[in-house]
Amino acid sequence: MAKDTIPYKIYLEESEMPKYWYNVRADMKNKPAPLINPGTHEPMTAADLAPVFCDELIAQELDNDTREYPIPQEILDFYKMYRPSPLVRAYCLEEKLQTPAKIYYKFEGNNTSGSHKLNSAIAQAYYAKKQGLKGITTETGAGQWGTALSMASAYLGLDCKVFMVKVSYEQKPFRREVMRTYGASVTPSPSNTTNIGKKILAEHPGTTGSLGCAISEAVEVATTTPGYRYVLGSVLNQVLLHQSIIGLETKIALDKYNIKPDMIIGCAGGGSNLGGLISPFMGEKLRGEADYRIIAVEPASCPSLTRGVFAYDFCDTGMVCPLAKMYTLGADYIPAPNHAGGLRYHGMSPVLSQLYHDGYMEATSVPQTKVFEAAEFFARSEGILPAPESSHAICIAIDEALKCKETGEEKTIVFGLTGTGYFDMVAYEKFNDGVMDDYIPTDEELRKSFAKLPKVD
């Protein structure tokens, strides 16, 4: 199709919007391994999970067979406030790179939370409200998930308690204040307000925290406070289910113009954005209907897919959550305080881990100075200041477009622009001042962490 016939931004009509979430597990030959009880090493049942999660979310978490889940009308109505999000043809970036590649990005930053996280936040808050709960607890890294959940909770009249990774709490005070504006309480993690937080601080004095630490504290509060449940912004099967709205919209938009991507690229921390973006494309790949090159991009400081091990591990640093089989650096591993706070998680979604293990996708890692070089180039080309997390995908998309320039191939690249970076100016300041570092863990550090993995038969 001629270049000038494809709009700069492709939007869907309301009638074209997906009415179902897609569950990629239904098409996986090798299903993700079940969550198991850390005490008995038996698969977790709905009854086991009930003290932690909402009932309907538990059903979604454990369902490996239902391909499509109808999206409740109340959630569809909420989505209309900011969805569909645009699929943008990056004409300006292509021109700057002088590449024959065609580059598209799905922009999820066009809502107040600034990211894709609102897609699952409203769903999880809706099911909590439907169950008659008083409130919900959660963790947040960079703050996008906490912001999204505070927005959804305010909309539905739920109390919201957020444990924010300490390094991000300190680096991103404005993100914290947005959460408080929407009525959430925000506590830096690890904290002295929970037993697990005190334990982590005793074992790791002066730690800047991690998503694993914050998860532990949020779970403790949820399970000890009547009328509350815990909700999670990434990793879990249910979250990838809700985030499939990203990929479904992307595919419908591409199909409208008979565009078939050669590669799909997403940043990877816990897996919510990547899993959502690739879901319908991965479904076609699993069913043998089409083939795509799918690339997960993670920070070199927290390389769970590229340097982790595929094993059962705790989802949290406090080791109170169920064990999940995933690519992990070890629950005790606390990443360096890099500026992509949403990617500072020791493990990876069990769904994505299984797909990666089975060879359906590839992974790469990049140091943060290279990430910010790409972010700056993109901002100057496309006019959007990207989140550090999103910039990992941008970085590899640019690399792949430059390879096309060398070979003359006209490949079509799609990547996920998960959100904006307007609350990440401390990070941009350090990059602009030339004081940003590139910490990469040594093999010995990782070996020590791997040695602490739980022994599961």
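Trainee: What links Phe78, Tyr79, Tyr82 and Tyr155 into a cluster?

Mentor: Ring pairs do that. This is a predicted model, by the way. Two rings count as a pair if their centres lie within 6.5 Å, and pairs of that kind join Phe78, Tyr79, Tyr82 and Tyr155.

Trainee: How many aromatic pairs are found in the whole structure?

Mentor: The search turns up 13.

Trainee: Take Tyr105 and Phe378: what makes that pair edge-to-face?

Mentor: Check the distance, then the angle. The ring centres are 5.3 Å apart, and the limit for a pair is 6.5 Å.

Trainee: How do you know whether Tyr105 and Phe378 are buried or exposed?

Mentor: Buried means under 20% relative accessible area. Tyr105 comes out at 1%, so Tyr105 counts as buried. Phe378 has 0%, so Phe378 is buried too.

Trainee: What about the rings of Tyr327 and Tyr356, what kind of pair are they?

Mentor: Edge-to-face, because the planes are at 75°, with the centres 5.1 Å apart. Tyr327 belongs to strand β13 and Tyr356 to helix α14, so this pair ties together parts 29 residues apart in sequence. Tyr327 has a relative accessible area of 10%, which makes it buried.

Trainee: Which residue lies over the face of Tyr169?

Mentor: Arg176 does, at 4.4 Å from the ring centre; the cut-off there is 6 Å. Lys260 sits over the face of Tyr292, also with 4.4 Å to the ring centre.

Trainee: On to the sheet with the order β8-β7-β6-β9. Why are β8 and β9 said to stand at the edges?

Mentor: The sheet is open, with four strands and parallel pairing. β8 and β9 each have a single partner strand, so one side of each has no neighbour in the sheet. On average, neighbouring strands are turned by 20° against each other, direction ignored.

Trainee: How do you know that β7 and β8 pair?

Mentor: At least two bridges are needed, and β7 and β8 have five, in the parallel sense. Val165 stands opposite Ser189 in β8.

Trainee: Which helix lies across β6, β7 and β8?

Mentor: That's α8, running at about 170° to β7. Helix α10 also packs on the sheet, where it touches β6, β7, β8 and β9.

Conventions
Residues numbered from 1 in each chain as written. Predicted model: local features only at pLDDT ≥ 70, side-chain atom pairs only at ≥ 80, totals over all residues. Heavy atoms only, no water. Helix = DSSP H or I, 4+ residues; strand = E, 2+ residues; numbered from the N terminus. Axes fitted to C-alpha atoms, helices over the stretch in contact; angles between N-to-C directions. Contact = heavy atoms within 4.5 Å. Phe/Tyr/Trp six-rings, centres within 6.5 Å; stacked < 30°, edge-to-face > 60°. Buried < 20%, exposed > 50% of the residue type's maximum accessible area, 1.4 Å probe, protein only. Lys NZ or Arg CZ within 6 Å of the ring centre and 35° of its normal.
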